[in-house]
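Please read the following briefing alongside the sequence and the coordinates.

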Amino acid sequence: AYKLDAGAQQAFGEYLSHRINQPHFANARSVRNALDRARLRQASRLFAERDRVLTADDLSTLAESDIRASRVFNHTPTSS
């Protein structure tokens, strides 16, 4: 089971606020997909830190950076 650190909880709330207003939002499916992508970013982050010993908490906690790396936060709407 995964958990979100405090920063990730806030970031995920912001993510949902942004994402709900975008095209193709599919409720639970979109949330599941977002968490799957955050888990992939977490794995990449931990792999980059492979010189240190990882704890069970490291392996089960999504960080704020894992959420904020989503393109939802980098999307700039274009004017029509």
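The accessible surface of the protein comes to about 5800 Å², and carbon and sulfur atoms account for 53% of that area. The model is a predicted one, and buried residues make up 25% of the 80 residues in the protein.

**Overall make-up**

- The protein has 4 helices and 2 strands, and from the N terminus on these elements follow the order β-α-α-α-β-α.
- Along its principal axes, the C-alpha trace spans about 50 × 25 × 20 Å.
- Among the contacts in the protein with a separation of 6 or more, 63% are accounted for by residues 24 or more positions apart.

**Aromatic rings**

- A pair of aromatic rings is described by the distance of the centres and the angle of the planes.
- The count for the protein comes to 2 aromatic pairs, one of which joins Phe12 and Tyr15 in a stacked arrangement, with 5.5 Å centre to centre and 10 degrees between the planes.
- Phe12 and Tyr15 are separated by about one helical turn, because they stand 3 residues apart in helix α1, which covers residues 6-20.
- Phe12 has a relative accessibility of 10% and therefore counts as buried, and Tyr15, at 3% relative accessibility, also counts as buried.
- Tyr15 also pairs with Phe73: the ring centres are 6.5 Å apart and the planes stand at 55 degrees, so this pair is tilted.
- Because Tyr15 lies in helix α1 and Phe73 in the segment after α4 (64-68), the pair ties together parts that are 58 residues apart in sequence.
- Phe73 is partly exposed, with a relative accessible area of 22%, where the cut-off for a buried residue is under 20%.
- Taken together, Phe12, Tyr15 and Phe73 form one aromatic cluster.

**Charges over rings**

- Arg68 lies over the face of Phe73, at 5.1 Å from the ring centre, so that Phe73, which is paired with Tyr15 in the tilted arrangement, also has a charged residue over its ring.
- The charged end of Arg50 sits over the ring of Phe47, 4.3 Å from the centre of that ring.

Conventions:
Residues are numbered from 1 along each chain as its sequence is written. This is a predicted model: local features need pLDDT of at least 70, side-chain atom pairs count only at pLDDT 80 or more; totals for chains, interfaces and linings use all residues. Side-chain values use heavy atoms; hydrogens and water are left out. Buried means under 20% relative accessible area, exposed over 50%, partly exposed in between (1.4 Å probe, protein chains only). Contact means heavy atoms within 4.5 Å. Accessible areas come from the Shrake-Rupley method with a 1.4 Å probe; for residues, only the protein chains shown count as cover. Rings of Phe, Tyr and Trp (its six-membered ring) pair if their centres lie within 6.5 Å; planes under 30 degrees apart count as stacked, over 60 as edge-to-face and the rest as tilted. A charge sits over a ring if NZ of Lys or CZ of Arg is within 6 Å of the ring centre and within 35 degrees of the ring normal.
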